[in-house]
Amino acid sequence: MIKTKQAAYTIIEDGNVSSPGGFQAGGAAIGLRKGNKLDLGWIYSEIPASAAGVYTLNSFRAAPLLVTEESIQQEGKLQGIVVNSANANACTGEEGLINAYTMRQTFADQLGIPAAYAAVASTGLIGVQLPMDKVIDGIHSIEPQGQADDFAHAILTTDTCTKQVAVTVSIDGVPVTIGGAAKGSGMIHPNMATMLAFVTTDAAIPADVLEQLLKQSTDQSYNMITVDGDTSTNDMVLVLANGKAGNKELHADHPEWEKFYEAFHYVSQELAKKIARDGEGATKLVEVRVQHAASAGEAGAIGKTVVASSLVKTAIYGADPNWGRIIMAAGNSGATYNPNNISVWLGDVQVVKEGKPAVFDEQTASEQLKQQTVVITIDLQEGSAEATAWGCDLSYDYVKINASYRT
């Protein structure tokens, strides 16, 4: 049931990756995670779909990422994605690469599709070989019909919740739907942040246009979040577009391109924010808005540096309005601006005015830092560009979670 309307698109209540026409998703417990938790997920399109991906910039690129990139490069199409959690199949050498290819072939055979139309993703512990007997048996249990919620649970690692969203938008007089699911809680610091995201749409759009769309949206969504400053070996975002909606093929000159982009970007941004909010041990989502910068690049650099600062993050956790840490982080961003022009707000409380301390009530400012979403606004007075970055606070629980990740 559709409930909330924003801009030209409508948010679908309980929307997910199978909300677009012609898509199915599911999950199973195959024994990779403790406690019989779901740990193998899949997405299936009834017909081959245009496909695009963006991948981690980490020098150690996991085997599944290499295999998936190869699949997409062949024809720019995918029809299915299989994902395992608990094991990243990263830094596993030739054996790990063979295992990723075996996953792809086994999955393709199970669905009756060409191997080049299958993608593979993995997330979890680095440097451990996959137990292929469990993986192969699990893939053999896959049926195209499934529950999208099971997929969303199967891809999780240290996440505390699933991350799903879907919207619909009218294009050429027909409803077009875009859905997505993601996982990510720690080892998050884009470029490309362990983060996985999967987006589906029943829009008709060619692979090359889809790739450019994804890259543009990624720069303003997934690449604007950080949890702990670490970029994973397995970070990947995949998008599939199967054309089942029946719209005219989309491209930048299509009269309703901006409507579609707005809807697509909303899905990307919401998934990114859900990842940031669910950072390991996090209690708050932190949003840093940088305004009136000389360029979008400099605005983005400042926003990401501030939201990544451990000192800023701990101050927010403790609701301490120590604005000096924000100024410090902005100054470490590498961006060029006049420090005498900068103004800073915590929520709606101004704490810095044109490079000098503003008069404000400490208790009121502290209350702004106790909100579920903490908003920091930085005005540079240098130009008209802006950018927003998202992250989370840094709590004691982050250390607890990561001190015992293997055990």
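Let me begin with His254, whose place is in the loop between strand E10, residues 236-241, and helix H6. Please keep in mind throughout that what we are looking at is a predicted model. Is His254 buried or exposed? With a relative accessible area of 7%, His254 is buried, because anything under 20% is counted that way. If we set aside the residues up to four places away in sequence, His254 touches Ile171, Asp172, Lys248 and Glu249. There is also a polar atom of the His254 side chain that lies 2.9 Å from the backbone nitrogen of Glu256. As for distance along the chain, Arg277 is 23 residues apart from His254, and the C-alpha atoms of the two are separated by 35 Å.

Helix H6, which spans residues 257-277, comes up again when we turn to the core. The largest nonpolar core has 73 residues, and those with the most contacts inside it are Ile205, Phe260, Ile302, Val306, Ile376 and Ile378. Which element gives the largest share of this core? That is helix H6, from which 11 residues come.

Now I would like to move to Gln164, which lies in strand E7, residues 163-171. At 16% relative accessibility, Gln164 counts as buried. The side chain of Gln164 makes a polar contact with the side chain of Asp149, at 3.1 Å. Leaving aside neighbours within four places in sequence, the residues in contact with Gln164 include Gly15, Asn16, Ala148, Asp149, Leu271 and Lys274.

Finally, let us look at helix H3, residues 132-140, where Met132, Val135, Gly138 and Ile139 are buried. Why do these four sit on the same side of H3? They do so because they cover an arc of only 130° around the axis. The buried residues of H3 pack against strand E4 (40-55), strand E5 (77-84) and helix H2 (93-111). On the face turned away from that buried side, H3 carries Asp133 and Asp137, which are exposed.

Note on methods:
Residues numbered from 1 in each chain as written. Predicted model: local features only at pLDDT ≥ 70, side-chain atom pairs only at ≥ 80, totals over all residues. Heavy atoms only, no water. Buried < 20%, exposed > 50% of the residue type's maximum accessible area, 1.4 Å probe, protein only. Helix = DSSP H or I, 4+ residues; strand = E, 2+ residues; numbered from the N terminus. Arc of directions from axis to C-beta. Contact = heavy atoms within 4.5 Å. Polar contact = N/O pair within 3.5 Å; in protein donor to acceptor, adjacent residues only side chain to side chain. Core = buried A, V, L, I, M, F, W, Y, C linked by side-chain atoms within 4.5 Å.
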